[in-house]
Amino acid sequence: MSQRTTAPERNVERPARLELAELAPEAYKAMIALDGAARRGLDPVVAELVKIRASQLNHCAFCLDMHTKDALAAGESVERIIQLSAWEESLHFYSAKEVAALELTEAMTVLTDGFVPDDVYARAAAEFDETELAHLIVAITVINAWNRFGVTSRLAPGHYTPARHG
C-alpha cells in the first residue's frame, strides 16, 4: 500500500521564515536609515511608484501590499497604481519624470544585460537634477534590497496598515 503525501494547502498564509528585524537588528536599522535618507531627496510620488514597480518585478507581495497602501493613503489614484504593471502601454498616466524613474527602476532591477543602458540613464539624468538622481538610484537600490529580504524571509502581505498622511 503506498503512502500518500498531501500537498500543503495553497490558500493558507505561510508563516515568515525568520524575523530579520529581531535577528539582525543593526542591519535592519541601517536599512531603515538608508531608506529614509534616500526619501529625503526624492519626490514622494516618484518614490512610491518606484517602490511599487520594483516590487512587482521582484514578486515581493509584502512590499506591494505596503507600498500600494502607502501610495493610496498619500492620495495616489487606484488607476495609476493598477497601470504600473503595464506602464509602457499607459504612458499618458505618468509624467516624463515618472516615466524616466520607472525606466531606470526596471533597468536597475532586471540586470539581465549586466548594465543600465546609456539611453535609460540619459533620460533619467535629463529629468532629475544630479542630487535627485543620486537619491533615486539609492531609493531603487534600497527597495530592491527590501524586496530580497521580503521574498527570502517570506513576509506575508495583508497585514500592513499605512501611517496617516496629513
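This is a predicted model: local features need pLDDT of at least 70, side-chain atom pairs count only at pLDDT 80 or more; totals for chains, interfaces and linings use all residues.
## Overall fold

The protein has eight helices and zero strands. Read along the sequence, the pattern is α-α-α-α-α-α-α-α. The C-alpha trace spans about 70 × 35 × 35 Å along its principal axes.

Of the 166 residues, 36% count as buried. The accessible surface comes to about 10300 Å². Carbon and sulfur atoms hold 56% of that surface. Take the contacts with a separation of 6 or more: residues 24 or more positions apart account for 72% of them.

## The largest pocket

The largest pocket has a volume of about 640 Å³. Its lining counts 31 residues. Asp35, Arg39, Met66, His67 and Asp70 lie nearest the centre.

Which helices supply the lining? At least two residues each come from α1 (20-23), α2 (25-39), α3, α4 and α8. Helix α4 gives the most, with six residues. By class, the lining divides into 18 nonpolar, five polar and eight charged residues.

## The Asp35, Arg39 and Lys51 network

The structure holds ten salt bridges. Side chains of opposite charge can pair when their charged atoms come close. Asp35, Arg39 and Lys51 are linked in a network of such bridges. Two members, Asp35 and Arg39, are also among the residues nearest the centre of the largest pocket.

Lys51 sits in helix α3. Is Lys51 buried or exposed? Lys51 counts as buried, because its relative accessibility is 4% and the cut-off for buried is under 20%. Beyond its neighbours within four places in sequence, Lys51 is in contact with Asp35, Arg39, His67 and Ile143. One of these contacts, His67, also lies nearest the pocket centre along with Asp35 and Arg39.

## Salt bridges elsewhere

Asp65 pairs with Lys69. The closest N and O atoms of this salt bridge are 2.9 Å apart. Both residues belong to helix α4. They are four residues apart, so about one helical turn separates them. Asp65 is buried, with a relative accessible area of 12%. Lys69 is partly exposed, at 25% relative accessibility.

Glu76 forms a salt bridge with Arg80. Here the closest N and O atoms are 2.6 Å apart. Glu76 counts as buried at 15% relative accessibility. Arg80 counts as buried too, at 14%.

What does Glu103 pair with? Its salt-bridge partner is Arg123, with the closest N and O atoms 2.8 Å apart. Glu103 lies in helix α6 (residues 96-109) and Arg123 in helix α7 (residues 118-127), so the pair ties together parts that are 20 residues apart in sequence. Glu103 is buried, with a relative accessible area of 17%. Arg123 is partly exposed, at 35% relative accessibility.

## Positive phi values

His59 has a phi near 55 degrees, a positive value in a residue other than glycine. Where is His59 placed? His59 is in the loop between α3 (44-57) and α4 (61-73). His59 counts as exposed, because its relative accessibility is 66% and the cut-off for exposed is over 50%.

Arg154 also shows a positive phi, near 60 degrees, and is likewise a residue other than glycine. Arg154 is found in the segment after α8 (130-153). Its relative accessible area is 23%, so Arg154 is partly exposed.

## Points to carry forward

Helix α4 leads the pocket lining with six residues, and α4 holds the Asp65 and Lys69 pair. The loop with His59 lies between α3 and α4.

Helix α3 holds Lys51 and supplies at least two residues of the pocket lining. Lys51 is linked with Asp35 and Arg39 in the salt-bridge network.

How values were computed. Residues are numbered from 1 along each chain as its sequence is written. Side-chain values use heavy atoms; hydrogens and water are left out. Buried means under 20% relative accessible area, exposed over 50%, partly exposed in between (1.4 Å probe, protein chains only). On a 1 Å grid over the protein atoms alone, a cavity is a set of points where a 1.4 Å probe fits but cannot get out, and a pocket is an open set with protein on both sides within 12 Å along at least five of seven lines; lining residues have an atom within 4 Å of a point. Grid points are joined across faces, edges and corners, and a volume is the space filled by probe spheres set on the points. Ala, Val, Leu, Ile, Met, Phe, Trp, Tyr, Cys and Pro count as nonpolar, Asp, Glu, Lys and Arg as charged, and the others, Gly among them, as polar. Contact means heavy atoms within 4.5 Å. Accessible areas come from the Shrake-Rupley method with a 1.4 Å probe; for residues, only the protein chains shown count as cover. A salt bridge is a side-chain nitrogen of Lys or Arg within 4 Å of a carboxyl oxygen of Asp or Glu.
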